[in-house]
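Subject: Structure for you to look at

Hello,

Here is the structure I said I would pass on.

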Amino acid sequence: QKVLNMRLWQREIIKSLFLEKLEDFVESKLERFKPQKTVTPLKDYPIIEVDYSFEFSRKPFYLFGVNNKDKAKNSAIALLEFQKAKLPFISMIVHEDIQELPKKEQIYLTQNADKQFPTLENFEKFGAATLERWAA
């Protein structure tokens, strides 16, 4: 049983690095897109934050890093509030692993996000090209 507990503990440590890895990638590989961390697009609604905003185009690009179902729900709520406020924006979701999310949360994000990357590795591979294409 101790080995099993150690494996669970190791998995939690590895999963907790997702947001740090996302931050490292955004700040080192996407700096040309002028990322701003922890942005509050609705000044009257300060509890709704975007992980990163890229404001180099006609519309800001809002990026959410999703590593669990609570973050997925909060991201979906944020997107709905931005739409309700008629904010001009483009949204991107970077999942730690989309297959780990329950179906309901996957549906919420699929209905409301403009672009989703199923894993951080996928975002690292295609994220910069996607931003360049949308900004053109």
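A charge sits over a ring if NZ of Lys or CZ of Arg is within 6 Å of the ring centre and within 35 degrees of the ring normal. K115 is such a case: it lies over the face of F117, 5.1 Å from the ring centre. Please keep in mind that this is a predicted model.

F117 also belongs to an aromatic cluster, together with F25 and F123.

Next, the helices. Two packed helices are described by the angle between their axes and the distance between the axes. For helix α2 (residues 18-29) and helix α5 (residues 120-135), the angle is about 10° and the axes are 11 Å apart. Angles under 35 degrees count as roughly parallel, and α2 and α5 are therefore roughly parallel to each other. On the α2 side, F18, K21, L22, F25 and V26 take part in the contact, and they meet L120, F123 and E124 of α5. Sorted by class, this contact has 6 nonpolar, no polar and 2 charged residues.

Then the rings. The count of aromatic pairs is 6. In one of them, F25 and F123, the ring centres are 5.5 Å apart and the planes are at 70°, so the pair is edge-to-face. F25 lies in α2 and F123 in α5, so this pair ties together parts that are 98 residues apart in sequence. Both F25 and F123 are buried.

Y62 and F89 also pair, with centres 5.5 Å apart and planes at 20°, so these rings are stacked. Y62 counts as buried at 6% relative accessibility, and F89 is buried with a relative accessible area of 10%.

Regards

Methods: Residues numbered from 1 in each chain as written. Predicted model: local features only at pLDDT ≥ 70, side-chain atom pairs only at ≥ 80, totals over all residues. Heavy atoms only, no water. Axes fitted to C-alpha atoms, helices over the stretch in contact; angles between N-to-C directions. Helix = DSSP H or I, 4+ residues; strand = E, 2+ residues; numbered from the N terminus. Parallel < 35°, antiparallel > 145°, perpendicular 65-115°, else oblique. Contact = heavy atoms within 4.5 Å. Nonpolar A, V, L, I, M, F, W, Y, C, P; charged D, E, K, R; others polar. Phe/Tyr/Trp six-rings, centres within 6.5 Å; stacked < 30°, edge-to-face > 60°. Buried < 20%, exposed > 50% of the residue type's maximum accessible area, 1.4 Å probe, protein only.
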